[in-house]
Structure formats: structure tokens, C-alpha cells
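Good morning. Let me put the model on the screen, and then I will go through it chain by chain.

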Amino acid sequence: MLHGCGTHDEQPEMSTIPPPDLSGHWEVDYARSDSVQNQVNSTFREVQREIRRRNAAAEKGVSYQGPAIGNIDTLFALAKMAELVVEPRLLEIDQDRQWIRIERENSFALVCSLEATRNEANLLGREICWWDGQQWHFVIQLPDGLNVAHRFTRSDDGNSLAQRTRLSDPATGHDFVVTQIFGRYDPTERGYSCTETLSRGRVCTTERVGAE
Amino acid sequence: MADELRMPLITLWLLLSCISMVACGPVLTRSTTTEIEGEAAAELAAPTAPQESLSRAGGPLRPALDINVVVFDIDPEAGETAQYMTVRKLESRLLPGLFREVLVSSDHWGVVRVVPTASALAPVNIRTVILASDGRDLALDVTVSDVTGEEWFRLRLAYRQDDPSDNLSALQQIFHVVSNRMRDVWLSRSVAERSRLISIADIVYARDLAPDFFASYLDFESPVLTLKRAPSSDDPMLARVQRIKNQEYLFCDAMDEQLVILLERAGPTYDLWRKAAVEQTNWLDHYESVAALRSVGPGDGEFSRMQASYSAYRSYRIQEQALLELAEALESESQPVVLRSEGAVITLEGTLEAQYATWRDLLREIFLLEQGALQ
């Protein structure tokens, strides 16, 4: 899961291959998803191994060409950030021939057009998105250097959706990657439904969805 | 990267900085308005800070001057993307309502109407272009001219909201300067000149309906329109024109009701968006100043730094998307205007401009039919 020296700035190019339909409601399948805590432990072990390799090389007096470790604090800050970024456990995706809109619970929607690679800056960051023929890419670049990249891939049977999230920061040589698997669900069978409102935040009702 | 991200802001800032430099005026502070006249840098006026207060009168200046506030135009550069253009379109209909409220509350003027396009319905038209708007900063070009073709003045209004607690009424104050300047221009004219302008407006309106009949009253040779002679006050043709004009007022009243509803529905969300933009950009400014002073590298505060950065972005985007959603919904609604005229119910559909054009065509046809029947 670790990608040392990750270069995620590949030239975004919009593919002409039609994307599969991701429309619908999705929820995290925890059994098949990465646990952020496990990823943190794994990262910690990997860093320890890296440090041991460096020390061993130094003792032998040979130069070591392994990946840069960078700032450990930053790496662990990235891991904690991953928990925040992958927090949404429900997705609602609207898609047509031109657009995809991924609504995420308690977060902003990821929106992309198939017409061209979207590369848009607003007051506080930049968003880039594109479809590469296999995956949807959404990259969020923040002014302090934090980079959050999501990739979405649908399984062939259409019942699973993988969201691979990579966090990187110039202060560390390691990226932090979390993969979550989502399964489809039917919101009308949950017994309640929730909507985000401007005035009252998230409002849920037990009334039957779609009832008059 | 921060510089790159904030290009639109920097552009505006450069503009404001230029104004401050030329005029040796104060740097813009909270809720201030800056104005420039004309296009040349030499004509730049001193920034008005703090906000200019609105001159109020005990009643309209005589003779009462009616004013058209034209629905705002949008500079193509102000939208950036189709989605943002939707927000600009919403602003182009929301802000004229605020503008009109200022003119009405000054009590200097006759009837102030928001209209889809400039016309001789009133002697004076106020045209405004939205140059930039990002939630915190708003830049507008305002041109005030009369039906003779004379331009009274042009102002560039720039507003920066630094305090998230400011509401739309704080933003509204940028229009004070326009009302005050208009009062100065109007008072600089003699009563006879003011009355003449109002008469010219009546004839220009009538000429649009019946050019063959009314064009001879106007002198087109001079740089600005002048009146050669005036029809008699009991001219039956003029009376018919007035009746048609009253019908056009009906449309404006119907549109006015829509704008009030729009302000009620979209105003709070627009306000929330502006507040969020101010909070986030203030946070960014603070972050940048702290980052510039930070001599030691990352440490315990790394997570706090990232969390603050991401949370600010997330919060801004949530508010922005809520506004975009509302703006798109309102745009797609495109409400029909239903008018009752002389017993008949007329429903106009399409964009506001299209509805207005249809209504005016209809009135012109009615006028011509009546004229033909009488001849």
C-alpha cells in the first residue's frame, strides 16, 4: 500500500472510452476495505524497516539508494488525515453521458465532466479530475502542499466500487494510501432516509421514502 | 501554489492596489467601497473608506425622476466556468433588487424599477456589469445615463467583505455612492432642464411605438437628443402611448414580485456562501502569514495544519455547491409571468429578456392596431 516517491502528477488526459455506469447508492463494505489503523501500523513497520536498512548500510559504509523517508511527523499526520478524508461511508452517484457527481456523506461532492479534464482553482485549493478509460480521478491540491487523490473503479459485475485514496505531502517521501470497497444498497429498504439541509444540517426521517 | 490558486483575487487586489497608489488613499479595509470614474488611470478617484452614508431626502426631488435599474450584465471573465456563471446569473438578478432598495430608501427619486433591458420607460437607466465575484470580493462597473444619450457618470465599485458577520445589507451599502452621485447630478440641473429630460423620455418612448409620428419632435443632429417641440398635453396619441406605457409597467411589477420572491428564497443561501468564503479566505490569509513566519520545519502541528487546510476547503466547497445547486434550480425554473390586461390573461414564458421583448412587441402591436382603427 505504500508508494515511496509516489509521482502522481501523470498528465491527466480524458479518455474517449465510455465510462461504466456508477449511478446509485453505495456504502462502505468494511470487511473488504482497508482499515486506516492497519495502514498506520503497516506504514510504521515499513518506516522502521527503512530506518534499519539505512542504519545497516551506514554501518557497512555503503551508500543506500532506498526511498527517502522524509519527515515522520508529516507521514503520521497524513495517516490521521486519511481517517478524516475517507470518513464518508455513504456515496450517492449521479451520472449521465456528460457528467458524474459523487455525493459523499458529510463532505463535498466530487464532480467531473466527460467533455474535458477539469482543472479548476477556487479560493482555497485546486481540483483536477478526469476519466482515464478505466478509472475516475479526482485530485485535490491544497495550498500548503497536501494532495488528496481519489480513484474510483467499478467491478465488472457492477456491484462493487473501489475508492483508492492517496494522500501526499512534500514534507514526506511516503504517500499514504487507503482503499475502500463500496457495495450497492437500496436507501428505501433502510427504514429511514436522510438529507442534508442548509438550515438544519443532516435531517433524517423514518417516513417511507417516496411516500406521498 | 497559493499564488496560482488565488489569481482571481490577485487580479482584483492589483486593481485595488492601483487605486490606492494613484489616490494615496487608504488600503481597503472591512466593508469598504472603492470607486473610479472613467477608464483612464488619471481619472481614478480616491477610495471611499469607510462606507459612504446614503443621502436621504424628505421626498422626491421635483420633478420626480423615474429610474430603470437594468438587470446586471456579466463580464465573461467573471464566470470562469459554466457552473460559476450560474451563480453570476443569480447575482445578476439578486443584486439589482438590493440596488433598487437603496435608491428607494434615499427618497430622492420617483418610481425605481428593475427592468430586463435599458429603455425609455424611465428617463434614466442604470447599467451594471459584474466584473468579479468570489464570495468575499465583488467588483461592479456601473454606468448611469439618460435617454438623451448623455452619460452621467461611470463608477467602479469594489467591495471586500472581511467580517463574516456582515450580511447583505452591508453589501448593499456600496450602492449609496451611486444614489448620492445621481442626486448631485440631478440637483446641478435647473428645474426646467429636469422637466425637459422627463419630456424627452416620454417622446423617445412614444417614438419607439410610432416613429413616423413622434420622430419629428426630436432633434437627432446634436450629440445628445434634444426636443425640437413638444406635443400638446392633450394630444390623444400621447394619451394612447401613456396607456401602453402603463401596460409595460404591469410587466415590471410582475417581474418585481418575482425578484422579491427570489431574494427571499436565494438570499439566505447567497449570504451563507459569502460568509463561508470570507471565513475560509480569512483563514487562508492567517495561515499564509503564520507559514511565512514559521522558521522551524514541520512538527507536532503537522496534523493540525493539514486538518485546518482540508477542513477549510471542505467547508467552502460544501457551501459553494449548495449555492450552485440552488442557482441551477432557480435558473431552470424560469417562471412564466402572468399578466391581466383589459380582461385578458396573458402568460409569457422563456427568459426574462424574452418575456419582456414579447410583451413589448405585443404592446406595440396593440398600439398600431388601435392607431389603424382610429385613422
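Chain B has eleven helices and eleven strands, where helices (H or I, at least four residues) and strands (E, at least two) are DSSP runs numbered from the N terminus. This is a predicted model, in which local features need pLDDT of at least 70, side-chain atom pairs count only at pLDDT 80 or more, and totals for chains, interfaces and linings use all residues. Residues are numbered from 1 along each chain as its sequence is written, with chains lettered from A and ligands numbered from 1 in the order in which they are written.

Of the 375 residues in chain B, 35% are buried. A residue is buried if 20 or more other C-beta atoms lie within 10 Å of its own, exposed if 12 or fewer, and partly exposed in between, with C-beta atoms placed from the backbone. As for contacts, two residues are in contact if their C-beta atoms, placed from the backbone, lie within 7 Å. Taking the contacts in chain B with a separation of 6 or more, 69% are between residues 24 or more positions apart.

Chain A next. Chain A has two helices and 13 strands, and 30% of its 212 residues are buried. Of the chain A contacts between residues at least 6 apart in sequence, 54% join residues at least 24 apart.

Now the helix pair in chain A. Two packed helices are described by the angle between their axes and the distance between the axes. Helix H1 (residues 36-60) and helix H2 (residues 72-85) of chain A have axes that come within 9 Å and cross at roughly 165°. Axes here are lines fitted to C-alpha atoms, for helices over the stretch in contact, and angles run from 0 to 180 degrees between N-to-C directions. H1(A) and H2(A) are therefore roughly antiparallel; angles under 35 degrees count as roughly parallel, over 145 as roughly antiparallel, 65 to 115 as roughly perpendicular and the rest as oblique.

Which residues in H1(A) and H2(A) meet? From H1(A) they are A:Val36, A:Gln39, A:Val40, A:Thr43 and A:Val47, and from H2(A) they are A:Ile72, A:Leu75, A:Ala79, A:Ala82 and A:Glu83. The residues of this contact divide into seven nonpolar, two polar and one charged. In that scheme Ala, Val, Leu, Ile, Met, Phe, Trp, Tyr, Cys and Pro count as nonpolar, Asp, Glu, Lys and Arg as charged, and the others, Gly among them, as polar.

H2(A) itself has 14 residues and reaches 20 Å from its first C-alpha to its last, close to the 20 Å expected at 1.5 Å a residue. The expected span is 1.5 Å times one less than the number of residues. The buried residues of H2(A) include A:Leu75, A:Leu78, A:Met81 and A:Val85.

Helix H6 (residues 176-187) of chain B has twelve residues and should span 16 Å at 1.5 Å a residue; its end C-alpha atoms are 17 Å apart, which agrees. B:Ser179 is one of the buried residues of H6(B).

B:Ser179 is also among the contacts of B:His108, along with B:Ala57, B:Pro60, B:Leu61 and B:Arg183, leaving aside neighbours within four places in sequence. B:His108 sits in the loop between H4 and S4 of chain B. Is B:His108 buried or exposed? B:His108 is buried, because 25 other C-beta atoms lie within 10 Å. B:His108 and B:Leu65 are 43 residues apart in sequence, yet 8.3 Å apart in space, C-alpha to C-alpha.

Then some backbone geometry. Most residues other than glycine have a negative phi, and most peptide bonds are trans. B:Asp107, in the loop between helix H4 (82-106) and strand S4 (112-115) of chain B, has a positive phi of about 65° although it is not a glycine. A:Asn106 has a phi near 60° and lies in the loop between strand S4 (99-104) and strand S5 (110-113) of chain A. The peptide bond from B:Arg62 to B:Pro63 is cis, with omega near -10°.

Last, a residue with contacts in the other chain. B:Arg314 lies in helix H10 (residues 302-333) of chain B. B:Arg314 touches A:Ser107 and A:Phe108, not counting residues up to four places away in sequence. With 20 other C-beta atoms within 10 Å, B:Arg314 is buried.
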